Amino acid sequence: MAESSWLTKFPQMDRADLTGIRKTLDSAYRDFSREYGETIESFFDPLLTFLVWFEKLLITTPWWIVIIVVTAIVYMACRSWKLCLGVVISFLAIGYFGMWENTMRTMSIITVCTLLAIVLGIPIGIIMASSNRAQSIITPMLDVMQTMPAFVYLIPVVMLLGIGKIPGVIAVIIYAIPPVIRLTNLGIRLVDKEVLEAATAYGANSTQRLFGVQLPLAMPTIMAGINQTIMMALSMVVIASMIGVKGLGQPVLKSITNQYFTLGLFNGLAIVALAIIFDRVSQAYAKRSQRHMGGMDNA
Amino acid sequence: MPKPLIQIEGLYKVFGKNPKSIMPMVHAGKSKDQILAETGHTLGLKDINMTINKGEIFVIMGLSGSGKSTLIRHFNRLIDPTEGIIKFEDIDVMKLAPKELEQFRRYKMSMVFQRFGLMPHRTVVENVSYGLSIQGVNKITRLAKAKEWLETVGLAGYEAQYPSQLSGGQQQRVGLARALCTNAEILLMDEAFSALDPLIRSEMQDQLIELQEKLHKTIIFITHDLDEALRIGDRIAILKDGELVQQGTPDQILLNPANDYVEAFVKDVNRARALTVENVMKPPARRITADTIGEALEKMKIIKGDYGYYVNDKGYQGVVTQDTLEEACCENESQKLSEKFLEELAGIAPGAMLESVIPETLEAEYSLPVIDKDGNLKGELSRRSLAEVLGDREQISEEETT
């Protein structure tokens with residue numbers, strides 16, 4: 001049987017060797033996380049404190065103040081009464097169906113994740129745009145981050161940091177950051193060469209070019225990236241709930257295991273409502289701030 | 001000859017992966033096509049030598065692909081040459097460190113672009129003051145200056161608009177105002193008017209000439225349009241496939257094209273709008289200086305014509321005809337040649353465009369005298385010479401022109 005087996009069966013690695021590899025890698029990583037887990041955890045402590053504080057703030061503030069503040073922000077961003085009305089109605093419905101607290105939790109984690117993704121993503125995108133080599137290194141990494149099943153990179157994160165908010169935030173950011181990086185890169189690369197040349201011709205240095213020309217002109221594209229990042233972060237909420245992130249994801253998870261269709265639907269709809277609000281607001285804001293760019297469109 | 005402001009010597013530009021490596025081939029005199037076929041490198045500019053004087057409008061003309069846009073970007077080093085020297089006064093521009101180069105660009109040169117290169121996210125007045133903001137001038141000063149320049153180019157009241165709200169011509173005026181606002185000595189204009197429609201273009205050309213009369217900048221102007229080049233250029237350089245074909249004043253180019261290529265260009269030019277009276281006038285053969293009728297009549301016989309231009313200490317006075325003189329001579333030969341024997345005939349200025357004197361030349365009975373500002377008789381313009389210049393080319397090359 002040994003002679004012809006490689007023709008019919010893939011000549012795979014010896015089972016013992018494979019187990020050996022797995023064991024070595026696993027134990028190496030386990031040792032690493034035992035050794036440095038504490039240090040890394042303490043590194044994230046400030047973030048955790050902030051997360052907890054922000055979540056508490058949203059939950060303890062009376063619901064009507066939250067609605068007023070959110071509506072005010074929405075109005076400032078997009079100046080549309082219709083959208084504001086939609087926001088008020090959906091929040092009232094969410095509260096009425098008993099999902100207020102979970103919604104606040106989700107909102108807090110999404111806000112923090114989005115901000116972090118922007119703060120990390122835009123500089124990475126700028127680096128990518130400034131050098132072709134950086135682009136060729138970072139692009140495949142982004143591909144991996146977007147296609148690798150979330151559960152796979154949850155494992156090492158959980159091993160390292162345990163279950164809780166921080167691993168959740170890390171998982172959400174890994175999943176949600178690629179669009180903002182990619183579109184920052186793209187936006188800067190698409191900036192009109194002549195405008196950039198004009199800046200150079202007037203003696204602008206690279207910082208003046210970046211902040212005076214490249215970033216402002218790339219803004220519409222970057223805003224599209226931010227919008228995508230928000231959407232992906234929201235869609236990650238359910239998966240993040242598997243590692244202990246509280247919020248709208250947990251009831252959904254509960255409904256899957258217990259087959260509570262209505263509970264799942266309500267919480268799912270609440271996520272959708274949040275997504276629509278975030279999406280419309282960020283898009284309306286982007287449009288309003290870019291109204292002078294590109295053609296005679298003054299809408 | 002004034003000291004040149006900008007000097008370019010032996011400038012080569014090769015595009016490709018390793019431009020330096022093929023310079024020996026270029027120097028060996030291989031052609032652009034050969035180099036492209038053998039190495040995949042494109043020879044963009046080949047052995048460019050030129051000097052640009054202070055205060056002139058120097059036009060670089062060529063068709064697309066001739067390397068003119070590449071060439072203009074060498075002046076402020078938006079593109080670095082593969083080989084060659086670029087000098088501004090005594091500064092070797094090629095040796096400037098990055099920081100120095102930035103300073104050089106900020107204060108010495110400004111640029112106007114074909115597709116305007118305005119910043120869509122800034123208002124018109126912010127765009128105009130861009131150069132000053134890069135220099136670090138404070139906001140109040142720079143906005144005030146920008147406003148002045150906007151007025152100069154005729155866009156007062158548009159300060160708070162965004163570029164996308166303006167028409168093409170207006171946008172380019174903003175571009176021009178931006179370039180002037182830094183008060184740089186040199187203005188680089190890269191096909192600045194090419195994207196505009198013909199009417200606006202000639203309006204802008206007029207405005208540029210008018211501004212230049214006041215400001216006396218050194219302007220390097222790129223164009224693919226010979227009419228435009230002839231209209232605004234003090235000197236013109238013609239570029240073909242990265243090589244300089246001819247350099248000279250507009251009339252030199254028009255009347256003595258260096259080769260078939262230039263000649264083919266020149267053929268379609270509207271000469272009436274490109275040449276001045278000075279370029280085509282003949283030396284003044286009909287000058288008559290005399291005190292008495294008799295003397296005048298004798299002079300008249302020498303010049304073999306039936307009229308002449310009477311010139312005294314005060315310059316050109318008018319036309320005298322043989323008939324009048326002969327009549328007067330019968331009365332009294334030694335009678336003084338005075339105004340009553342003269343016919344009035346307005347002279348034309350040597351600097352006038354041919355176009356503007358066509359009607360006078362055709363209507364006048366005699367050739368028109370060419371009179372300079374001080375009243376001196378400089379030459380004469382006959383219907384014949386006008387017709388020859390505006391007519392078929394072949395005849396002109398035989399004519400002696402000054």
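**Exercise 1. Contacts in chain A.** What percentage of the contacts in chain A with a separation of 6 or more is accounted for by residues 24 or more positions apart?

*Solution.* The model is predicted: local features need pLDDT of at least 70 and side-chain atom pairs count only at pLDDT 80 or more, while totals for chains, interfaces and linings use all residues. Residues are numbered from 1 along each chain as its sequence is written, chains are lettered from A, and ligands are numbered from 1, in the order in which they are written. Two residues are in contact if their C-beta atoms, placed from the backbone, lie within 7 Å. Residues 24 or more positions apart account for 74% of the chain A contacts with a separation of 6 or more.

**Exercise 2. Describe the make-up of chain A.**

*Solution.* Begin with the elements: helices (H or I, at least four residues) and strands (E, at least two) are DSSP runs, numbered from the N terminus. Chain A has 14 helices and 0 strands. Its C-alpha atoms fill a box of roughly 75 × 60 × 45 Å along the principal axes. Next, burial: a residue is buried if 20 or more other C-beta atoms lie within 10 Å of its own, exposed if 12 or fewer, and partly exposed in between, with C-beta atoms placed from the backbone. Of the 299 residues in chain A, 33% are buried.

**Exercise 3. Check the length of α5(A) and assign its faces.**

*Solution.* Helix α5(A) covers residues 81-96, and at 1.5 Å a residue its 16 residues should span 22 Å; the expected span is 1.5 Å times one less than the number of residues. The end C-alpha atoms are 22 Å apart, which agrees.

Val87(A), Phe91(A) and Ile94(A) are buried in this helix. The face turned away from the buried side carries exposed residues, among them Trp81(A) and Lys82(A). Just after α5(A), Gly98(A) takes a positive phi of about 75 degrees.
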